[in-house]
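Please look through the structure shown here before reading on. The report that follows takes up a few places in turn and then turns to the chain as a whole.

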Amino acid sequence: MKTPLVTSDRLGAVAMILAAAWALFIVPSGGDMTLILSGSIYCAFGILALSLALIWGFGGILSFGQTAFFGIGGYAYAVLALNIGNTTTAALLAILVAAAMAAAIGYFMFWGRLGDVYLGVITLVLSLILYRFINQTSGSEWKIGKAPLGGFNGIPSTPILNDLDGNPLWPEDIYVLCVVALILSYILCRLLLATYFGRVVVALRENELRAELLGYDTRLYKLGVFSIAGGLAGLAGVLFANCVFVSPNMFSLTTSSQLLVWVIVGGLGTLAGPVMACFLLLAFSAWLGTLNAGVWLDPNLVMGLVLTLFVLVLPKGILPLMRSGCDRALAGFRRPAPAAEPGEAMIGEEAR
């Protein structure tokens with residue numbers, strides 16, 4: 001089998017390094033507040049896309065409701081920060097709450113031996129139940145300590161993370177924090193997949209029955225990677241709460257469907273691909289919103305068309321397509337081997 005000259009992992013790492021350098025050094029120097037705020041939101045959604053890319057692309061676990069842990073992380077942060085006052089502690093606890101919720105849900109799903117279809121339905125139903133429930137908490141009686149849940153209005157009074165002196169971070173600081181968090185999350189996923197645990201998780205995606213016959217407790221490995229992905233989604237929710245504020249839309253079906261589109265368009269089985277697709281499609285959707293073209297250029301309709309196009313024409317996604325292009329470009333620089341002289345050819349034939 002022909003080995004590709006450029007692997008998706010190597011190409012993705014190069015793309016992430018270039019994007020990180022541009023985001024950390026070029027964007028803040030421009031001082032464009034709109035770009036900085038948008039970049040913070042994009043990075044939060046990028047971490048969310050990374051969490052689904054990990055469990056679906058490498059673990060074979062299709063979660064339609066990854067946004068449930070995204071919203072749980074955001075709401076847990078807002079509630080804890082309003083009650084205890086220390087935003088750093090609230091952020092860490094919120095990530096743990098999201099990971100613990102993923103572990104609890106995963107335990108019942110994986111130990112119940114649910115199939116892929118049922119697993120996807122249960123996670124989707126979980127996010128829809130949370131979306132419906134939070135929308136109905138608009139009364140003054142819906143409080144957790146000092147934190148009103150706010151119903152469909154969300155919690156606009158969500159505290160901002162503080163620096164070491166206790167002062168709220170500026171938008172530029174939040175932006176740098178989001179970029180660094182995305183880079184570290186990507187590195188964490190790469191390192192995780194390179195470990196013994198990560199290799200077993202990939203083996204489960206390829207053939208779970210064979211892994212069980214080799215003596216691996218597949219439920220435990222699936223629970224572990226599902227919990228880690230839940231923690232990443234919770235981290236994304238915490239960062240999103242600091243970029244905007246928490247609201248029921250974090251659990252919505254629209255957010256869940258966008259997440260699936262990002263992973264499919266970016267390239268299933270890659271880490272950097274879904275992040276790239278997330279950034280590109282969010283920017284494309286924002287640009288469509290400025291056209292005021294009505295229903296004909298509705299962002300949701302266009303995203304559906306984009307998904308259909310990629311599934312039919314480019315099913316492998318953006319990053320594998322880029323890898324193929326790099327392979328063809330590098331192969332063109334390879335010089336062909338010199339043709340053998342007639343005498344040399346005869347000697348070769350006699351030797352055979």
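## Thr-87 in helix H4

Thr-87 belongs to helix H4, which covers residues 87–111, in what is a predicted model. With a relative accessible area of 3%, Thr-87 is buried, because buried here means under 20%. If its neighbours within four places in sequence are set aside, the residues in contact with Thr-87 are Tyr-77, Ala-81, Pro-159, Ile-160, Leu-161 and Asn-162.

## Helices H3 and H5

Helix H3, made of residues 67–84, packs with H5 at an angle of about 40°, and the axes of the two helices lie 8 Å apart. The two helices are therefore oblique to each other. On the H3 side, Thr-67, Ala-68, Phe-69, Ile-72 and Tyr-75 take part, and they meet Leu-126, Ser-127, Leu-130 and Ile-134 of H5.

## A nonpolar surface patch

A nonpolar patch on the surface is formed by Leu-114, Val-117, Tyr-118, Val-121, Ile-122, Val-125 and Ile-129, which together have about 640 Å² of accessible area. One of these residues, Val-125, lies in helix H5, which spans residues 116–135. Val-125 counts as partly exposed, since its relative accessibility is 40%.

## Salt bridges

Side chains of opposite charge can pair when their charged atoms come close. The structure holds four salt bridges, among them one in which the side chains of Glu-206 and Arg-205 meet at 2.6 Å, N to O. In this pair Glu-206 counts as exposed, at 55% relative accessibility, whereas Arg-205 is partly exposed, with a relative accessible area of 32%.

Another salt bridge joins the side chains of Lys-222 and Glu-208, at 3.4 Å from N to O. This pair links distant parts of the chain, as Lys-222 is in helix H9 (residues 218–243) and Glu-208 is in helix H8 (residues 208–213), 14 residues apart. Lys-222 counts as buried at 13% relative accessibility, while Glu-208, with a relative accessible area of 29%, is partly exposed. The side chains of Arg-219 and Asp-217 also meet in a salt bridge, at 3.2 Å from N to O; Arg-219 is partly exposed, with a relative accessible area of 22%, and Asp-217 counts as partly exposed at 30% relative accessibility.

## The chain as a whole

The secondary structure of the chain comes to 14 helices and two strands, and buried residues make up 43% of its 352 residues. Among contacts between residues at least 6 apart in sequence, 78% join residues at least 24 apart. The accessible surface of the chain is about 18,300 Å², and 68% of this surface belongs to carbon and sulfur atoms.

Technical notes: Residues numbered from 1 in each chain as written. Predicted model: local features only at pLDDT ≥ 70, side-chain atom pairs only at ≥ 80, totals over all residues. Heavy atoms only, no water. Patch = residues over 30% accessible without salt bridge, like charges linked within 9 Å, V, L, I, M, F, W, Y side chains within 5 Å. Areas by Shrake-Rupley, 256 points an atom, 1.4 Å probe, with all protein chains shown as cover. Helix = DSSP H or I, 4+ residues; strand = E, 2+ residues; numbered from the N terminus. Buried < 20%, exposed > 50% of the residue type's maximum accessible area, 1.4 Å probe, protein only. Axes fitted to C-alpha atoms, helices over the stretch in contact; angles between N-to-C directions. Parallel < 35°, antiparallel > 145°, perpendicular 65-115°, else oblique. Contact = heavy atoms within 4.5 Å.
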